[in-house]
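Subject: Structure handover and notes

Hello,

The structure is below, and my notes on it follow. Please read them with the coordinates open.

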Amino acid sequence: MTLKCALVLALAGGATSALAAGSEDEFKAAYAAADAANKEAGKLRNQWTTTASTLAAAKKAADAGDFDKATASAKEAEALAKASIFQATSEKTRWRDMEIR
């Protein structure tokens, strides 16, 4: 292997590491947001089990090094948690609308 080939391979490996690190950072941010939303749903006593399983799937994908899948799962978990928060807050008063008068 020539010095030029070794240099190209080293640079390519560094670029891949930089991309993976960016993906890992993106995952960590997405997971933190999802976890915070899930904790807020817990305070409202309305955590969905699907949120917990989606967070677990995100963690498992991250542990396997698949940060694209992990980030997507974390974002899905955040959406689920926010939906459960919306449900909890909207149903606080909506039950009165369904009450027979």
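A residue is called buried under 20% relative accessible area, exposed over 50%, and partly exposed in between (1.4 Å probe, protein chains only). The model is predicted: local features need pLDDT of at least 70, side-chain atom pairs count only at pLDDT 80 or more, and totals for chains, interfaces and linings use all residues. Residues are numbered from 1 along each chain as its sequence is written, and side-chain values use heavy atoms, with hydrogens and water left out.

Overall layout

The chain contains 3 helices and 0 strands, in the order α-α-α along the sequence. Helices (H or I, at least four residues) and strands (E, at least two) are DSSP runs, numbered from the N terminus. Of the 101 residues in the chain, 26% are buried. Contact here means heavy atoms within 4.5 Å. Among contacts between residues at least 6 apart in sequence, 73% join residues at least 24 apart.

Core

A nonpolar core is a set of buried Ala, Val, Leu, Ile, Met, Phe, Trp, Tyr and Cys residues joined through side-chain atoms within 4.5 Å. The largest one has 8 residues, namely Phe27, Ala30, Ala58, Ala61, Ala62, Phe67, Ala70 and Ala74. Helices α1, α2 (49-63) and α3 each give two or more residues to this core. Ala74, leaving aside neighbours within four places in sequence, is in contact with Ala30, Tyr31, Ala34 and Ala58.

Helix α2

With 15 residues, α2 reaches 21 Å from its first C-alpha to its last, close to the expected 21 Å; the expected span is 1.5 Å times one less than the number of residues. Its buried residues are Thr51, Thr54, Leu55, Ala58, Ala61 and Ala62. These cover an arc of only 125 degrees around the axis, so they lie on the same side of α2. The arc is taken over the directions from the helix axis to the C-beta atoms. Thr49, Lys60 and Asp63 are exposed on the other side of α2. Gly65, which follows the helix, has a positive phi, near 90 degrees.

Salt bridges

A salt bridge is counted when a side-chain nitrogen of Lys or Arg is within 4 Å of a carboxyl oxygen of Asp or Glu.

- Lys75 and Glu26 pair at 3.6 Å, N to O. This pair links distant parts of the chain, with Lys75 in helix α3 (residues 67-98) and Glu26 in helix α1, 49 residues apart. Lys75 is partly exposed because its relative accessible area is 45%, and Glu26 is partly exposed at 42%.
- Glu24 and Lys28 pair at 3.7 Å, N to O. Both lie in helix α1 (residues 3-43), 4 residues apart, about one turn of the helix. Glu24, at 30% relative accessibility, counts as partly exposed, as does Lys28 at 49%.
- Lys82 and Glu78 have their closest N and O atoms 3.2 Å apart. They are 4 residues apart in helix α3, so about one helical turn separates them. Lys82 is partly exposed at 48% relative accessibility, whereas Glu78 counts as buried at 19%.

Regards
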